Amino acid sequence: MTTIRAAVLPATGAPLEVTEVELAPPGPGEVLVRLHASGVCHSDLNAIDGTAETRCPAVLGHEGAGVVEAVGAGTVLASGTHVALSWMPACGRCEECARDLPHLCRTAWSAMAKGGLLDGTTRLSREGQPIYHYSLLSTFAERAVVPERSCIPIPDDVPFPVAGLLGCAVTTGIGAVWNTAGVRPADRVAVFGCGGVGLSALLGAVTAGADPIVAVDVSPDKLSIAAELGATATVVATDRPEETAEHVRDLTAGGVDCAIEATGRPDVARAAFLSTRARGAAVLVGIPRVDAEVSFPALSFPRMERRVLGSIYGSSRAERDVPKIIGLYRRGSLPLDRLISHRLPLDGVQEAFGLMGSGAAIRVVLDLNGSG
Ligand SMILES: [Zn+2]
Ligand SMILES: [Zn+2]
């Protein structure tokens, strides 16, 4: 057992508590990672406020990066390897994996729901009582024991704060454009919601050669960042989806091929859908409340062949897509550093959620064990 500091969610709705917990050594197929950075994601907030049911007490955090420090039986990763962590360690054997849908791996999703690692048990505890993992990772901590399959080796020159975003926000946003929508050069794209995922989608659209690219948000500050990152036009969203969509259609000669929804709000999903042209697709990425429903004008489907596509984790295969993303980052084509608006120590985790809630943050990164 190792004693580590970690941010524990004691119960749904309670404040996070930064405290010492015990971490057991890695079991078969697992590795111990000394964490250097963790992104703070809206899904963590969903776990705290109960939007998504989460087994407690839990150590939250599901995007991070660090260095492999120890390995369990049957692993091939070497100690000292720099890794980005993915919350989707696809098994490669279930029906969804066999259908080439590793991001929907049944084995990993069902293990995740139970709050353990892949074998259903937890490596975290406090005073002999179990503490559960979040998304098989729990990165709001100095160290984590994770499935080896969650580790994506990265070059040593990729800064940990950037690498820490690869396992969720960046791959979710870029993958929605590259994989789910299959955006091609000169396709018209709109991105609704300019937080970490939305701006990642915007960068994905830029690298795919989309044109025009319209950014939509309620915050003029976020829209000016979107413009710097490659949006060709921006729209300040109103609370009327029809009005926002009309504005986007006016800017894009009648509508977009692909409208990425990155807020999880039903009215924004409607605005995204209504902003598409014939055969265009709204790509729903944001996580809505469990009881949320969206309505779309039905005639649009047969009359215009408008489509709605769901997208989780950018329909990505992390071990394939993360190296592609890193390659473009190292060439200077993907300014992922710009997504990091704030950096805080582990003790600042509660403040991180305050920044997120106020709309001031794009992505907050926690510096753990000193970042590079
Ligand atoms: Zn996330
Ligand atoms: Zn699987």
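Modeller: A cavity is a set of points, on a 1 Å grid over the protein atoms alone, where a 1.4 Å probe fits but cannot get out, and its lining residues have an atom within 4 Å of a point. Grid points are joined across faces, edges and corners, and a volume is the space filled by probe spheres set on the points. This is a predicted model, in which local features need pLDDT of at least 70, side-chain atom pairs count only at pLDDT 80 or more, and totals for chains, interfaces and linings use all residues. Residues are numbered from 1 along each chain as its sequence is written, chains are lettered from A and ligands numbered from 1 in the order in which they are written, and side-chain values use heavy atoms, with hydrogens and water left out.

Biologist: How many cavities of 30 Å³ or more come out of the count by this rule?

Modeller: The largest cavity holds about 30 Å³ of space, and its lining includes L23, V59, H133 and S138. For cavities of 30 Å³ or more, the count comes to 1.

Biologist: With which side chain does the side chain of H62 make a polar contact?

Modeller: H62, in the loop between β4 (58-59) and β5 (64-71), has 2% relative accessibility and counts as buried (under 20%, with exposed over 50% and partly exposed in between, for a 1.4 Å probe and protein chains only). A polar contact is a pair of N or O atoms within 3.5 Å; within protein, one must be able to donate a hydrogen and the other to accept it, and residues adjacent in sequence count only if both atoms are side-chain atoms. At 3.1 Å, the partner of H62 is D44.

Biologist: Which elements are among those that cover the buried residues of α1?

Modeller: In α1, the residues D44, L45, N46, A47 and I48 are buried. The cover over these residues includes β1 (2-9), β3 and α11 (349-358).

Biologist: Which backbone nitrogen does the side chain of E63 reach?

Modeller: E63 lies in the loop between β4 and β5 and is buried, with a relative accessible area of 0%. Leaving aside neighbours within four places in sequence, its contacts (heavy atoms within 4.5 Å) include C168 and R363. At 2.9 Å, its side chain reaches the backbone nitrogen of A169.

Biologist: What distance separates the C-alpha atoms of G167 and S86?

Modeller: G167 is placed in helix α4 and counts as buried at 2% relative accessibility. Among the residues that G167 touches are E63, S86 and Y313. Although G167 and S86 are 81 residues apart along the chain, their C-alpha atoms are separated by 4.4 Å.

Biologist: Is E305 buried or partly exposed?

Modeller: E305 lies in the loop between α9 (300-304) and β16 (307-310), and has a positive phi of about 55 degrees although it is not a glycine. Its relative accessibility of 40% makes E305 partly exposed.

Biologist: How much space lies in the second largest pocket?

Modeller: A pocket is an open set of points with protein on both sides within 12 Å along at least five of seven lines. This one is lined by 16 residues, with M88, A90, P102, R317 and E319 nearest its centre, and β10 (151-153) and α10 (318-330) each supply at least two of the lining residues. The space in the pocket is about 200 Å³.

Methods:
Helices (H or I, at least four residues) and strands (E, at least two) are DSSP runs, numbered from the N terminus.
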